[in-house]
Amino acid sequence: MEDKRLEATARLLEVMNTLRRECPWDREQTFDSLRSNTIEETYELADAITDHNMEGIKEELGDLLLHVVFYSKLGEEQGAFDFGEVADALCDKLIYRHPHVYGDIHANTPDEVKENWEALKLRKKNRKTGTLGGVPRSLPAMVKAYRVGEKAAGAGFDWEKKEDVWKKVREELGEVEAEMKSGRKTDLEGEFGDLFFALINACRLYGVDPESALERTNKKFIRRFNYMEQQAAAKGNTLHEMPLDAMEELWQEAKGNEK
């Protein structure tokens with residue numbers, strides 16, 4: 001099994017060499033030109049994971065691996081690094097950040113492992129920007145909020161009991177309602193942001209991925225809304241021609257069909 005994996009890796013690297021040498025499109029690519037495609041492939045993998053589509057996950061992992069190999073080839077051509085150095089650097093990092101496996105540090109729970117991981121990251125990189133410096137600027141806002149909360153918690157800045165987060169959620173909800181009454185749109189946006197941030201922290205404390213949770217609701221809404229449109233069309237109507245109570249009846253039908 002291990003030999004097959006090594007053979008497949010060597011084959012992939014050789015295919016990349018050939019494409020970079022002989023394909024007009026591949027020859028023209030740069031770090032900058034590939035960036036947006038890498039982001040797209042990452043989201044396609046995320047979609048496959050959300051759908052628990054194993055064939056899709058395998059395919060999208062391959063597409064993402066192509067980008068790792070491609071960037072490594074570009075680095076090799078510039079004399080900066082190659083695929084082997086990327087892999088070796090990753091191994092070194094993993095070993096350093098798992099002293100409970102490769103050293104004499106004890107970490108008996110996932111939370112202890114995460115705390116050690118964040119502390120080691122900060123110590124190793126000696127970030128001038130501090131604990132939150134490692135959060136990528138271009139992360140989507142929801143993912144960024146989750147990571148910021150994780151990193152702050154890793155430094156000890158967190159609620160003593162997870163139940164305490166609901167007091168913060170209620171506080172932020174009250175401030176949203178107050179700003180809605182005031183009519184100040186700029187302040188209202190800020191208060192909604194604070195409410196979202198509190199809810200995302202609640203997700204973190206209760207072991208829920210907010211991105212996956214929201215996407216699950218998105219898909220559920222789309223599925224039910226599509227049902228409403230189909231049922232309305234079957235009766236020769238469109239939704240905007242129907243009264244709200246009739247649409248609500250179709251919505252409840254859609255919900256009932258899912259049980």
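The model is predicted.

Trp166, Met180, Phe192, Phe196, Leu199, Tyr206 and Val208 make a nonpolar patch of about 630 Å². Two helices, α9 (165-182) and α10 (185-205), each supply at least two of its residues. The largest share, three residues, comes from α10. Val208 sits in the loop between α10 and α11 (210-234). Its relative accessible area is 35%, so Val208 is partly exposed. Patch residues need over 30% relative accessible area, and Val208 has 35%.

Now turn to the rings. The structure holds five aromatic pairs. One of them joins Trp166 and Tyr206. The centres lie 5.8 Å apart, with 45° between the planes, and the pair is tilted. It links distant parts of the chain: Trp166 belongs to helix α9, Tyr206 to the loop between α10 and α11, 40 residues apart. Trp166 is partly exposed, at 33% relative accessible area. Tyr206 is partly exposed too, at 35%. Both residues also belong to the nonpolar patch.

A further pair is formed by Phe221 and Trp251. This one is tilted as well: 5.3 Å centre to centre and 50° between the planes. Phe221 lies in helix α11 and Trp251 in helix α12 (residues 244-257), 30 residues apart, so this pair too links distant parts of the chain.

Trp251 counts as buried, because its relative accessibility is 17% and the limit for buried is under 20%.

Methods. Residues numbered from 1 in each chain as written. Predicted model: local features only at pLDDT ≥ 70, side-chain atom pairs only at ≥ 80, totals over all residues. Heavy atoms only, no water. Patch = residues over 30% accessible without salt bridge, like charges linked within 9 Å, V, L, I, M, F, W, Y side chains within 5 Å. Areas by Shrake-Rupley, 256 points an atom, 1.4 Å probe, with all protein chains shown as cover. Salt bridge = Lys/Arg side-chain N within 4 Å of Asp/Glu carboxyl O. Helix = DSSP H or I, 4+ residues; strand = E, 2+ residues; numbered from the N terminus. Buried < 20%, exposed > 50% of the residue type's maximum accessible area, 1.4 Å probe, protein only. Phe/Tyr/Trp six-rings, centres within 6.5 Å; stacked < 30°, edge-to-face > 60°.
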